[in-house]
Amino acid sequence: VETINEVRDRVKNIPGAEITVQEQEEGLPTGAPINIEIVGDNFEVLGRIAHVIRGVIEKIPFVHDIRDDYVPGSPTVKVRIDRQKAAMMGLSTQTIGFALKVAFNGIKVSTFREGDEDYDITVQLPESDRRVTDILRELLFPVGTGLVPLSTVAKFEVAGGLGQINRINHERVVTVKANVDEKEVPGPVVRAQAEKLLKETSSSLPPGYKIRFTGEFEEQQKAQAFLTKALGAAIFLIILILIAQFNSVGQTVIIISSVILSLGGVFLGLTFLSLPFGIIMTGVGVISLGGVVVNNAIVLVDYTNKLRARGLTLKEAIVAAGCTRLRPVLLTAITTILGLLPMVTGVAFDFHVMEISWVSESSQWWRSMAIVVIFGLALATLLTLVVVPTLYS
């Protein structure tokens with residue numbers, strides 16, 4: 001982050017260049033933190049709206065590298081051929097078009113070879129002639145009676161041309177992008193501010209034009225929806241198995257409560273280490289955590305049921321189960337936590353060269369998931385030893 005800020009400060013005053021400084025993206029490509037698509041038919045109107053939106057986004061703190069993909073059209077010279085005159089003189093639009101293409105774009109006529117290098121030989125007008133429009137009136141075309149100037153069979157007019165046209169789902173789109181300093185403020189907060197500021201702009205858009213937020217925001221929404229369904233499906237399957245095993249809805253609810261307790265550890269760990277809640281990896285960690293933390297509650301509830309079946313009273317069975325299963329519950333949690341610590345610290349053993357690697361590249365991607373499991377499991381284990389017997393009682 002310090003390097004990015006240093007580079008940004010050094011290049012921000014360079015005139016005549018649009019320079020974007022962006023941190024390397026990890027994982028799947030998601031687009032810029034702020035990605036606003038403007039949809040409409042007229043490309044010039046889209047460019048004007050993009051200019052207004054850029055001015056609005058510039059007012060938001062901690063937003064950098066604002067840019068858009070609008071490319072204004074350059075002036076165009078249109079050659080309108082009088083087809084009747086051209087036909088009378090023995091010329092066709094194809095012949096005239098080919099001659100103009102050769103004059104300005106050039107045509108490869110041969111190849112010059114020198115040593116191991118090949119060089120194309122291209123025939124075209126000199127660059128000085130290609131930069132002026134008067135040369136069009138001087139171009140001559142051979143016909144049966146001699147040479148005919150192009151101006152005899154064609155008229156010339158200067159008109160505006162289109163620049164680069166971008167389409168998404170067959171719609172003309174101009175995209176405004178910006179990066180966010182997420183060390184200072186979370187990306188979703190900035191997007192909310194941008195949406196609030198752009199409400200007035202959206203209400204004043206011409207008919208047929210609309211603004212939509214996409215990019216990283218859209219991908220996060222999709223990932224969040226998918227992982228929410230995955231978590232719901234995981235908990236539902238766990239509940240089905242527990243009901244089939246214990247034949248009791250009440251005891252199943254007691255065991256599932258440990259999943260809710262683990263969420264406290266998730267947010268506590270992320271807060272303690274000043275890490276954001278990443279939708280994908282943190283979400284995967286929460287889902288995997290749901291299947292791990294129920295084990296301790298299952299051990300306690302199952303052993304308590306066995307002791308009650310042997311004739312012990314409710315209180316005696318709960319106390320005896322807590323004392324007997326304390327060590328296996330703690331050892332299970334501790335071994336899992338210790339196994340995930342190398343992923344958090346970045347320490348790994350490279351078996352190719354048989355040495356310890358103190359900065360593992362892969363751990364940077366899996367670190368957030370490991371932190372979620374470690375803190376969630378640690379807090380859930382401690383609370384399960386108290387809450388589950390209490391609820392059972």
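Colleague: Is Asp302 buried, exposed or partly exposed?

Modeller: The general idea first: buried means under 20% relative accessible area, exposed means over 50%, and partly exposed lies in between, using a 1.4 Å probe and protein chains only. Asp302 counts as partly exposed, because its relative accessibility is 27%. Keep in mind that this is a predicted model, in which local features need pLDDT of at least 70, side-chain atom pairs count only at pLDDT 80 or more, and totals for chains, interfaces and linings use all residues. Residues are numbered from 1 along each chain as its sequence is written, and side-chain values use heavy atoms, with hydrogens and water left out.

Colleague: Which residue forms a salt bridge with Asp302?

Modeller: A salt bridge is a side-chain nitrogen of Lys or Arg within 4 Å of a carboxyl oxygen of Asp or Glu. Here the partner is Lys306, and the closest N and O atoms are 3.8 Å apart. Lys306 is partly exposed, at 43% relative accessibility.

Colleague: Where do Lys306 and Asp302 lie?

Modeller: Helices are DSSP runs of H or I with at least four residues, strands are runs of E with at least two, and both are numbered from the N terminus. Both residues are in helix 11 (residues 281-309); they are four residues apart, so about one helical turn separates them.

Colleague: How many salt bridges are there in the whole structure?

Modeller: A search finds 10. One of them joins Arg131 to Glu127, with 2.8 Å between the closest N and O atoms. Arg131 is exposed at 65% relative accessibility, while Glu127 is partly exposed at 45%.

Colleague: What does the salt bridge between Arg212 and Glu171 tie together?

Modeller: Their side chains meet at 3.4 Å, N to O. Arg212 lies in strand 11 (residues 210-213) and Glu171 in strand 10 (residues 171-180), so the pair ties together parts that are 41 residues apart in sequence. Arg212 is partly exposed at 24% relative accessibility, and Glu171 is partly exposed at 27%.

Colleague: Which residues are linked with these two in a network of salt bridges?

Modeller: Glu37 and Lys210 are linked with Glu171 and Arg212 in that network.

Colleague: Now Ser368: is this residue buried or exposed?

Modeller: Ser368 is buried, because its relative accessible area is 19%. The residue sits in helix 13 (residues 361-392).

Colleague: What is Ser368 in contact with, leaving aside its neighbours within four places in sequence?

Modeller: Contact means heavy atoms within 4.5 Å. On that basis Ser368 is in contact with Met281 and Thr282. Separately, Ser368 and Gly269 are 99 residues apart in sequence and 9.8 Å apart in space, C-alpha to C-alpha.
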